[in-house]
Amino acid sequence: GYDIRMPSATEFMGTLKTDASKKYVAHVAYMYQKAGNNSASQWAVAPGISIRPFSMLKLGVTASYEENQDELQYVATRSTYLDKKRYILGTIDQKTLSIIFRVDLNLTPEFSVQYYGSPFISKGSYSELKRVTAPDSKNYDERFEIYQNPLLYSGTYFLTDYDDVLPTVVSVGNPDFNFHQFRSNLVAKWEYRLGSYVYFVWSSDRTGSNSSSGASFRDSYGYLGDVFPNNIFLVKLSYWFSL
């Protein structure tokens with residue numbers, strides 16, 4: 001394996017929230033992180049709001065947006081013709097958007113319905129593919145060497161270096177990605193007698209991925225229409241009795 005010296009990092013985070021006893025409650029969280037040598041940076045913001053229009057109903061939505069840039073993102077490990085290792089890294093530019101919807105409905109003290117739905121999109125594009133050369137060097141720029149003129153053909157990068165006697169060519173699949181997912185859960189709970197319950201659960205999942213890292217968030221969410229859903233239906237009955 002390899003153990004590349006990682007730059008130090010500085011991180012800030014915080015949260016603001018309004019009075020939780022009110023009908024409308026808003027909150028926002030923020031995070032920022034920056035690594036030394038300008039090797040990486042990350043920031044995220046997550047605003048949200050919950051509303052209780054009347055006592056039996058509560059609605060909530062939280063969004064999260066994050067950007068991540070990292071010059072030392074691991075990509076792959078390859079062996080050369082001399083049985084040496086090439087530890088390949090890349091500069092990643094990643095953007096992630098997620099939204100969480102929640103509904104809590106208490107129709108009666110005995111009957112309640114809860115819903116959770118969350119679309120999630122994460123896109124990442126890579127540049128400056130590089131190999132680890134001197135992972136313990138005190139000089140950051142000497143710890144790796146960027147591949148010059150990488151060739152991308154049919155979804156595969158061909159990378160050439162001259163570290164050994166003869167030119168060395170290794171190949172890696174294009175690491176660009178577009179991960180898209182939608183998960184939801186619906187739970188209905190009925191206390192049909194004291195201490196005894198019936199649960200109805202519907203859980204649905206759509207998860208897909210491709211290499212379209214340049215697609216918009218709207219188009220990325222649209223890809224979910226081509227993904228066959230995984231649905232689970234469950235009925236659970238409990239009966240309480242005393243001896």
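A residue is called buried when its relative accessible area is under 20%, exposed when the area is over 50%, and partly exposed in between (1.4 Å probe, protein chains only). Asn149 is exposed, because its relative accessible area is 73%. Asn149 sits in the loop between strand S7 (144-146) and S8. Its C-alpha atom is separated by 34 Å from that of Thr10, 139 residues apart along the chain. Strands (E, at least two residues) are DSSP runs, numbered from the N terminus.

The model is predicted: local features need pLDDT of at least 70, side-chain atom pairs count only at pLDDT 80 or more, and totals for chains, interfaces and linings use all residues. Residues are numbered from 1 along each chain as its sequence is written, and side-chain values use heavy atoms, with hydrogens and water left out.

A nonpolar core is a set of buried Ala, Val, Leu, Ile, Met, Phe, Trp, Tyr and Cys residues joined through side-chain atoms within 4.5 Å. The largest one has 11 residues, among them Val75, Ala76, Ile88, Tyr147 and Val172. Strands S4 (57-79), S5 (85-106), S6 (111-132), S9 (156-161) and S10 (168-173) each give two or more residues to this core. A second, separate core has 6 residues, including Leu72, Tyr87, Leu89 and Phe144. Ile88 belongs to the largest core. Neighbours within four places in sequence aside, Ile88 is in contact (heavy atoms within 4.5 Å) with residues including Val75, Ala76, Tyr147, Leu159, Val170 and Val172.

Strands S8, S9 and S10 form an open sheet in that order, with antiparallel pairing. Two strands pair if DSSP finds at least two bridges between them. S8 (151-153) and S10 are the edge strands, and each pairs on one side only. From one strand to the next, the twist averages 25°, taken between axes fitted to C-alpha atoms, with angles from 0 to 180 degrees between N-to-C directions. S8 and S9 are joined by 3 bridges. Leu152 has Tyr157 in S9 as its bridge partner.

The largest pocket has a volume of about 170 Å³. A pocket is an open set of points on a 1 Å grid over the protein atoms alone, where a 1.4 Å probe fits, with protein on both sides within 12 Å along at least five of seven lines; lining residues have an atom within 4 Å of a point. The volume is the space filled by probe spheres set on the points. This pocket is lined by 13 residues, and His27, Ile49, Ser50, Lys58 and Gly60 lie nearest its centre. S4 gives the most to the lining, with 5 residues.

Notes: Helix = DSSP H or I, 4+ residues; strand = E, 2+ residues; numbered from the N terminus.
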